[in-house]
Amino acid sequence: MRLMKLKHSYYWLIGAAALTWVGCIKPPQCPDTPFIEYKDFIITNDSAQLFFQFSDGDGDIGLKKSETQAPYDYNLYMSYFEKVNGVFVEDSTLDPPFWYRVPYLNTENSNRCVKGTIHVNLSPFYRNFLSPESDTIMFRFYLLDRALNKSNIIDTPEIITP
């Protein structure tokens, strides 16, 4: 009987030590400046979809609907490139440009690293259909958080259009 009590005490001791150890583990930390990583680009007829992952140390990603004045009018900036004679050349003549509003992510008072995937619909068009060079394109993009910290800049891979 005494052996049985010692055995149970041993299990409780291991359980308490495990809980103490787990309680000491700090949540993952990441910088307050957003970090983005390209995931995918899917063409659907005249439109396309861009997918990328993000992380941000203080979670201040996205714009509220009421935030419409600069510098909070856009927070995802994309540049459009076409391959001309084997070299990608930026086409800045498109109007409107490829600027987007990533919606507000409510993480008030979290003060923690947030991670997720952002999906952008490039619609009603994703390329300059009037350009003879638009058969091979790419995008360069970055994200701003609400503190106006600029993420790293990402280039999509070369995109062959149908």
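Ile154 counts as buried, at 14% relative accessibility; buried here means under 20% relative accessible area, exposed over 50%, and partly exposed in between, with a 1.4 Å probe and protein chains only. Its place is in strand β8 (residues 154-155). The model is predicted, so please keep in mind that local features need pLDDT of at least 70 and side-chain atom pairs count only at pLDDT 80 or more, while totals for chains, interfaces and linings use all residues. Residues are numbered from 1 along each chain as its sequence is written, and side-chain values use heavy atoms, with hydrogens and water left out.

- Leaving aside residues up to four places away in sequence, Ile154 touches Ile36, Glu37, Tyr38, Phe139, Arg140 and Phe141, where a contact means heavy atoms within 4.5 Å.
- Between the C-alpha atoms of Ile154 and Leu143 there are 9.7 Å, and the two residues are 11 apart along the chain.
- Ser151 sits in the loop between β7 and β8, and Ser151 is buried too, with a relative accessible area of 6%.
- With residues up to four places away in sequence not counted, the contacts of Ser151 are Thr33, Pro34, Ile36, Tyr142 and Leu143.

**Overall make-up**

- Along the sequence, the pattern reads α-β-β-β-β-β-β-β-β-β.
- Of the 162 residues in the protein, 35% are buried.
- Taking the contacts between residues at least 6 apart in sequence, 69% join residues at least 24 apart.

**The three-stranded sheet**

- Three strands make an open sheet in the order β1-β2-β6, with antiparallel pairing; two strands pair if DSSP finds at least two bridges between them.
- β1 (35-44) and β6 (114-122) are the edge strands, each with a single partner, so one side of each is left without a neighbour in the sheet.
- From one strand to the next, the twist averages 15°; axes are lines fitted to C-alpha atoms, for helices over the stretch in contact, and angles run from 0 to 180 degrees between N-to-C directions.
- Nine bridges link β1 and strand β2 (residues 47-56) in the antiparallel sense.
- Asp40 stands opposite Phe51 in β2.

**The nonpolar core**

- The largest nonpolar core has 25 residues, and those with the most contacts inside it are Leu76, Met78, Leu122 and Phe139; such a core is a set of buried Ala, Val, Leu, Ile, Met, Phe, Trp, Tyr and Cys residues joined through side-chain atoms within 4.5 Å.
- At least two residues of this core come from each of β1, β2, β3 (76-84), β6 and β7 (136-143).
- Phe139 has contacts that include Phe41, Met78, Phe98, Leu122, Tyr126, Ile154 and Ile159, not counting residues up to four places away in sequence.

**The disulfide**

- One disulfide turns up in a search of the whole structure, a disulfide being a pair of cysteine sulfur atoms within 2.5 Å.
- Cys30 and Cys113 form this bond, with their sulfur atoms 2.0 Å apart.
- Cys30 lies in the loop between α1 (2-24) and β1 and Cys113 in the loop between β5 (99-100) and β6, so the pair ties together parts that are 83 residues apart in sequence.
- The torsion about the S-S bond of Cys30 and Cys113 is about 110°, so the disulfide is right-handed.
- Cys30 is buried at 18% relative accessibility, and Cys113 is buried at 13%.

**Backbone details in the loops**

- Ala70 and Pro71 are joined by a cis peptide bond with omega about 10°; Pro71 is in the loop between β2 and β3.
- Another cis peptide bond runs from Ser123 to Pro124, with omega near 15°, and Pro124 belongs to the loop between β6 and β7.
- Asn45, in the loop between β1 and β2, has phi near 60°, a positive value in a residue other than glycine; Asn45 is exposed at 72% relative accessibility.
- Asn85 has a positive phi near 50°, lies in the loop between β3 and β4 (87-90), and is exposed, with a relative accessible area of 77%.

Notes: Helix = DSSP H or I, 4+ residues; strand = E, 2+ residues; numbered from the N terminus.
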